[in-house]
Structures are given as structure tokens and as C-alpha cells.
Amino acid sequence: MALDPEIRKLLDDLAPVMGELDEQTPAEARALADEGMAAISGPGDPSVTSADVRAPGAGGDIPVRVYTPAAAATPLPVVVYLHGGGFVIGSIRSHDGMCRDLTAATGAIFASVEYRLAPEHRFPAAVEDCWAALQWVHAHAAELGGDPDRLAIAGDSAGGTLAAVTAMLARDHGGPALRCQLLVYPGIGVTEDQASIRDNGEGYLLSTRDILWFRDHYLGPDGDDHDPHFDPIHADDLSGVAPAHVITCENDPLRDGGQAYAARLRAHGVPVTERCYEGLIHGALGMEAVSAASRDMIHDASEVLRAALAREAAPTNA
């Protein structure tokens, strides 16, 4: 499969310094990932301001960074953002530049959630934190300058999985009502016999070996990989969850799983739009500093959120 030239150069540049995740401790992998992801994302839009707050959770206070666009008349729509990193790595810091760019492009407040990571905190700790953070942001939206009736959830990779699960919890608990769930190459419905795993499981930043390392740390030896809060493709009923926009990338091992989830949402009557980006790889949304295609993806995702969060739109999941 043809790679975008800028992405090809990035992979070539990273090859000499990339180590195998399963040869590192989670702490070592986190430090490298925070530094590397922040570098290829860039500092983000300088006009966006941020403030760090904390939301109460079952495992203690949850750090949340709230981003506000410049010169914006409040109340603004609000997006709760869940970072990627396989449930083991990634942080507010690693996704800071991306969230600043999304905030500026969307014209919405973004609330980036620092959920607990595995293996220190295995499934379902991350789910619990994301659900608690969504409820807190909704309850405090007005204090943050936001409109609680124009709320969306978004995430990339593991964060996309968590966004989908949190959208199910919002439906199951009768709210908060969500206008949209933006799922960016989510880790959902992935099986080792998929073509995307066979074709892209080596040499495209995220490997099959990495996927298994993340899964084992997050789920643990006794976890149930068919629990719908671990992988929402196993939910018996997806009807009534928020409308979804699913982004996948051609050269991503998670591509087929994300597309399978989009199809399953449709089969349950959920409004779904989706796009697969040719020539791009897993993690492309956060590569704005090195890739024009990544900047285009930021723009496209922001347009989806803008439309969903417009004043005339109406929530459909609660």
C-alpha cells in the first residue's frame, strides 16, 4: 500500500531510534512516547488558552486540561477528549498540541482527560475515569464557559475505544446527552485474521506485537476480552448511542476493526459517517508538525464536530 511521502520520511527517521515496546517497562515507554508524540504533534495553536482542573473519580481525582479558543463568545460547545496510547502510554502532555489545534479549528472547549493507565490500573479503571470525567464536565460545563446541551466525546486509538464505551454508558444511564462520538482509529473489533493486521502489522509504527503488549497490560491474565466495556463491538445492543464519525487509516492494523464497528453501529440504527485516509498510518491525527495530511485530518475532524455541535443540531442519544 502506498504511503504518504511525509509519513514515509517520518517512519524512516524513526526507524533507527524505535525500540520494541515489549522490551521496555511501561514507565520507559511512557517517557519516550510523551516526548516523541509531543514532538511530531508540535506545540499547537498558540491562541488557545488552557487551565488544569481535577474531576473526582473512584480512584481519586482525575486531571483534566481544559482548552478554550481565543476571542470566543460563551457559552461554547464542549468536547471531552480521551487520548490514545494503548491504555498504557499517552497523556495530556503527549496530546497537548493536537488538542490545541482541535480547539482552535472546532471553536469548542476541549477537556482532555488523564485517565489511569495500565498495568498499574487495569481494565476497567480507565473506563471508570472517562465516565466520571464526562459526568463532571457536563455538570460543570457552564463554569468552564461551555454549553452542557452541546456536548461531544472524542478520542484516538485507545481513547477512541474509551469514547465508544463512554457513549454507551451515557446511553445506559440516560445521559449526559451527546451530539457526537468521534472515534479516530479506535482499537475496537480487532482480530488477528483481519487483512489490515496481515498487511500492516509490521513497519507502520503500530505493530501486531505492540497491540498484544498493550492488550495484555490493560486486560491482564484474568480479563474477559468479550466484555463490551473492554471492546464495545461485543455489546448486544448499540441502538440509541450518539451518532458517530469513525476515522480509519489505510496503513493501520486497526483499520478493519474500526470499519467493522462502524458497520455494526449502522446495523443497530445509529447514524454513522466514516472516512478511511489513504496513505496514512496509525497515529496520523497527531502528526501535524510533520504531515500536511495530518493537518487536513485535523480540519476534517473539526468540521464534523462543528456540524454536530451547531446550535440548531439536536442530541439523539438521551
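Which residues does Ser91 touch, not counting residues up to four places away in sequence?

First, the basis of what follows. This is a predicted model, in which local features need pLDDT of at least 70 and side-chain atom pairs count only at pLDDT 80 or more, while totals for chains, interfaces and linings use all residues. Residues are numbered from 1 along each chain as its sequence is written, and side-chain values use heavy atoms, with hydrogens and water left out.

Ser91, then, touches Asp34, His83 and Glu114, leaving aside residues up to four places away in sequence; contact here means heavy atoms within 4.5 Å. With Asp34 there is also a polar contact between the two side chains, at 2.9 Å. A polar contact is a pair of N or O atoms within 3.5 Å; within protein, one must be able to donate a hydrogen and the other to accept it, and residues adjacent in sequence count only if both atoms are side-chain atoms. Ser91 belongs to the loop between strand 3 (76-82) and helix 3. Helices (H or I, at least four residues) and strands (E, at least two) are DSSP runs, numbered from the N terminus. The relative accessible area of Ser91 is 7%, so Ser91 is buried. Buried means under 20% relative accessible area, exposed over 50%, and partly exposed in between, with a 1.4 Å probe and protein chains only.

Phe87 lies in that loop between strand 3 and helix 3 as well. Its phi is near 70 degrees, a positive value in a residue other than glycine. Most residues other than glycine have a negative phi, and most peptide bonds are trans. Phe87 is buried, with a relative accessible area of 10%.

After helix 3 comes Gly107, with a positive phi near 75 degrees.

Is Arg30 buried or exposed? Its relative accessible area is 18%, and Arg30 is therefore buried. The side chains of Arg30 and Glu120 are joined by a polar contact of 2.7 Å. Not counting residues up to four places away in sequence, Arg30 touches Val88, Ile89, Leu117, Ala118, Pro119 and Glu120. Two of these neighbours, Ala118 and Pro119, are joined by a cis peptide bond, with omega about 5 degrees. Pro119 is found in the loop between strand 4 (109-113) and helix 4. Another cis peptide bond runs from Thr74 to Pro75, with omega near 5 degrees; Pro75 sits in the loop between strand 2 (62-68) and strand 3.

Now to a pair of helices. Two packed helices are described by the angle between their axes and the distance between the axes. The axes of helix 4 (residues 125-139) and helix 5 (residues 158-172) come within 10 Å and cross at roughly 60 degrees. Axes are lines fitted to C-alpha atoms, for helices over the stretch in contact, and angles run from 0 to 180 degrees between N-to-C directions. Helix 4 and helix 5 are therefore oblique to each other; angles under 35 degrees count as roughly parallel, over 145 as roughly antiparallel, 65 to 115 as roughly perpendicular and the rest as oblique. Where they meet, helix 4 contributes Ala126, Val127, Cys130, Trp131 and Leu134, and helix 5 contributes Leu162, Val165, Thr166, Leu169 and Ala170.

Beyond helix 5, Arg179 occupies the loop between helix 5 and strand 6 (180-184). Arg179 counts as buried, at 8% relative accessibility. Which backbone oxygen does the side chain of Arg179 reach at 2.9 Å? That oxygen belongs to Ala310, and the backbone oxygen of Ala308 lies 3.3 Å from a polar atom of the Arg179 side chain.

Ala308 brings us to helix 9, where Ala308 is one of the buried residues, which also include Met297, Ile298 and Leu305. Helix 9 (residues 292-309) has 18 residues and reaches 26 Å from its first C-alpha to its last, close to the 26 Å expected at 1.5 Å a residue; the expected span is 1.5 Å times one less than the number of residues. At its N-terminal end, Ser291 caps helix 9, with a side-chain oxygen 3.2 Å from the backbone nitrogen of Ala293.
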